[in-house]
Amino acid sequence: MRQITVEQHLDYAIRRDGAAHLTLIDPDAQAPSAASGIAEAAAKAGSSAIMIGGSVGASGDILDETLHAIRDVTELPTILFPSSACGLCKYADAVFFMSLLNSRDVNYLIGNQVAGAKAVMGYGIEPIPMAYLIVEPGGTAGWVGDAKLIPREKPELAVAYSLAGRFLGMRYTYLEAGSGASDPVPQEMIRAVKSAGCETLVVGGGIRDAETARAAARAGADIIVTGTAVEEASDMQSGIGSEIEHGRESETETQIQKTISKFVNAIKR
Ligand code: 1GP
């Protein structure tokens, strides 16, 4: 039993370091054994929690098995990042209980939340209320969520959505450019949303290097999410691993860890 909530754990990390890093694992992107390697490296590198989710295929057995594999190797909190009620899992600690406020589809605004609320209660998962906003280019999440993408040059629209979320009781705002986005969320937009009083601002999508992560944190992001960069490091690591077989596993292990460490260190105050 945790002594503090996951939200308190994240608040503490943000207060201590200026910003926190979350490692995103898409259960559909690798085998559970590889996911556990990423989680272990994330813990060693100083990531504050593991986010688990994906736009398609992140549900059922593979989700359960990925959660088990992660929990076997680390005590870092696990936070679900579901694209629908199917992305819920009783083995997680918390869930970003989010509404995609700029969706045109009622299912992403409130339908899935209604479908999943009883499960969240029954499983005893901590819900963290979040306004989820998808910004251009938006990627798969934008397409699946039928988002009316926030134009990159319109920070005032992101501010209006974030304020609306806050007034509805959402303590978190997530500015999402889409996984693997060619352009991350603009700094000006991050600055505007944070200056307007957003309590906890999460930024992700297309953050591939330490400089971009640092710039987002300096602009006002409280939490930086990276998925693709870590996945690529993991793929590279398994490539190296299969070439050299056994023996240098601990050396190759550091590929993922190094990648995550760069983000963690870059965003520290
Ligand atoms: C996607 O914001 C996250 O929901 C992470 O994006 O995969 O581009 O790091 P990346």
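# Barrel, ligand shell and loops

Biologist: How many bridges join S1 to S2?

Modeller: S1 and S2 run parallel; strands (E, at least two residues) and helices (H or I, at least four) are DSSP runs, numbered from the N terminus. Two strands pair if DSSP finds at least two bridges between them. Leu22 has Ala49 as its bridge partner in S2, and Leu24 has Met51 there. The number of bridges joining S1 to S2 is four.

Biologist: What kind of model is this, and which pLDDT is needed for local features?

Modeller: Residues are numbered from 1 along each chain as its sequence is written. It's a predicted model in which side-chain atom pairs count only at pLDDT 80 or more, totals for chains, interfaces and linings use all residues, and local features need pLDDT of at least 70.

Biologist: What does the twist average from one strand to the next?

Modeller: The barrel is closed by eight strands, in the order S1-S2-S3-S4-S5-S6-S7-S8, with parallel pairing. From one strand to the next, the twist averages 30°.

Biologist: Which residue of S8 is the bridge partner of His21?

Modeller: S1 is joined to S8 by four bridges, and the two run parallel. His21 sits in S1, pointing the other way from Ala20, Leu22 and Leu24. In S8, the partner of His21 is Ile224.

Biologist: How many of S1's six residues are buried?

Modeller: Buried means 20 or more other C-beta atoms within 10 Å of the residue's own, exposed means 12 or fewer, and partly exposed is in between, with C-beta atoms placed from the backbone. Ala20, Leu22 and Leu24 point one way from S1, His21, Thr23 and Ile25 point the other way, and all are buried. Of the six residues in S1, the buried ones number six.

Biologist: Which residue in S3 stands opposite Met51?

Modeller: S2 (residues 49–52) pairs with S3 (residues 78–80) in the parallel sense, over three bridges. Ala49 and Met51 point one way from S2, Ile50 and Ile52 point the other way, and all are buried. Ile50 stands opposite Thr78 in S3, while Met51 stands opposite Ile79.

Biologist: At about what angle does H2 run to S1?

Modeller: S1, H2 and S2 make a right-handed β-α-β unit; right-handed means that, with the strands pointing away from the viewer, the path from the first strand over the helix to the second runs clockwise. H2 (residues 32–45) lies across S1 and S2. Axes are lines fitted to C-alpha atoms, for helices over the stretch in contact, and angles run from 0 to 180 degrees between N-to-C directions. On that scale, H2 runs to S1 at about 175°.

Biologist: Why does Leu76 count as buried, and which residues does it touch?

Modeller: Leu76 is found in the loop between H3 and S3. Leu76 counts as buried because it has 20 C-beta neighbours inside 10 Å. Contact here means C-beta atoms, placed from the backbone, within 7 Å of each other. Leaving out residues up to four places away in sequence, Leu76 touches Ala39, Ala42, Ala43, Ser47, Ala49 and Ile50.

Biologist: Which residues of H7 are buried?

Modeller: H7 spans residues 187–195, and Pro186 lies in the loop between S6 and H7. The cover over the buried residues of H7 includes H6, S6, S7 and H8. The buried residues in H7 are Met189, Ile190, Ala192, Val193 and Lys194.

Biologist: Which residues come nearest the ligand?

Modeller: A residue is near a molecule or strand if its C-beta atom, placed from the backbone, lies within 6 Å of it. S8 (223–226) and H9 (228–244) each supply at least two residues of the shell around the ligand. Of the 15 residues around the ligand, the nearest are Ser179, Gly204, Gly205, Gly227 and Thr228.

Biologist: How many residues of the shell around the ligand are charged?

Modeller: Ala, Val, Leu, Ile, Met, Phe, Trp, Tyr, Cys and Pro count as nonpolar, Asp, Glu, Lys and Arg as charged, and the others, Gly among them, as polar. By class, the shell has six nonpolar residues and eight polar ones, and the charged count is one.

Biologist: Is Asp146 buried or partly exposed?

Modeller: Asp146 lies in the loop between H5 and H6. Its phi is near 45°, a positive value in a residue other than glycine. Because Asp146 has 15 C-beta neighbours inside 10 Å, it counts as partly exposed.

Biologist: What is omega, roughly, for the peptide bond joining Glu136 and Pro137?

Modeller: Pro137 lies in the loop between S5 and H5. The bond joining Glu136 and Pro137 is cis, with omega of about 5°.

Key: Contact = placed C-beta atoms within 7 Å.
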